Amino acid sequence: MPPILIYFSAGLTLALVVGIVCYYVAGLSATPLLSSLFGERAGAMWGRLFRISLVCVAIVGGLSTKFYGCSGPTDYAAASRSHHTMLALTSEQVAGSLSYSMQYLALAAAIGALAFGVHSATHQE
């Protein structure tokens with residue numbers, strides 16, 4: 001197996017790990033909020049959808065790193081010979097995964113806070 005494929009696969013695996021951590025840490029915490037907004041059964045469905053989207057966003061963040069050089073396909077051979085370059089690109093994959101995940105979580109938190117505020121204001125007892 002070519003070393004560049006090993007580095008690329010390792011970066012995607014680490015991006016998946018980021019997604020799984022977000023799945024358990026943030027995704028499971030959001031399900032009670034979604035259940036209070038949409039009801040028990042719909043909240044569980046929306047919670048599952050949110051958790052899956054966290055994993056997908058993390059993987060897309062890892063896939064956003066280009067393993068080729070900026071000059072085109074001719075840099076592929078140079079990148080595949082340099083372990084330092086491949087390690088740097090793998091690190092960029094993980095950083096991209098973290099960045100995309102944090103941006104998505106910040107956006108989801110803002111939307112969730114707004115929705116919970118509207119829900120609380122309209123359903124006061």
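**Exercise 1.** In this predicted model, work out how Tyr104 counts: buried, exposed or partly exposed?

*Solution.* Start with the number: Tyr104 has 25% relative accessibility. Now bring in the cut-offs: buried means under 20%, and exposed means over 50%. The value for Tyr104 sits in between, so Tyr104 counts as partly exposed.

**Exercise 2.** Take the aromatic pairs one at a time and decide how the rings are arranged.

*Solution.* There are three aromatic pairs to find in the structure. Let's do two of them.

Step one: Tyr23 and Tyr24. Their ring centres are 5.0 Å apart and the planes stand at 75 degrees. Angles over 60 degrees count as edge-to-face, so that's the label for this pair. Tyr24, by the way, counts as exposed because its relative accessibility is 52%.

Step two: Phe50 and Tyr104. Here the centres are 6.0 Å apart, with planes at 20 degrees. That's under 30 degrees, so this pair is stacked.

Phe50 belongs to helix α2 (residues 40–63), while Tyr104 belongs to helix α4 (residues 83–122), so the pair ties together parts that are 54 residues apart in sequence. Phe50 is buried, at a relative accessible area of 14%.

**Exercise 3.** Describe the surroundings of Gln93.

*Solution.* Next, check accessibility: 0%, so Gln93 counts as buried. Finally, zoom in on Gly62: its backbone oxygen lies 3.4 Å from a polar atom of the Gln93 side chain.

Conventions. Residues numbered from 1 in each chain as written. Predicted model: local features only at pLDDT ≥ 70, side-chain atom pairs only at ≥ 80, totals over all residues. Heavy atoms only, no water. Phe/Tyr/Trp six-rings, centres within 6.5 Å; stacked < 30°, edge-to-face > 60°. Buried < 20%, exposed > 50% of the residue type's maximum accessible area, 1.4 Å probe, protein only. Helix = DSSP H or I, 4+ residues; strand = E, 2+ residues; numbered from the N terminus. Polar contact = N/O pair within 3.5 Å; in protein donor to acceptor, adjacent residues only side chain to side chain.
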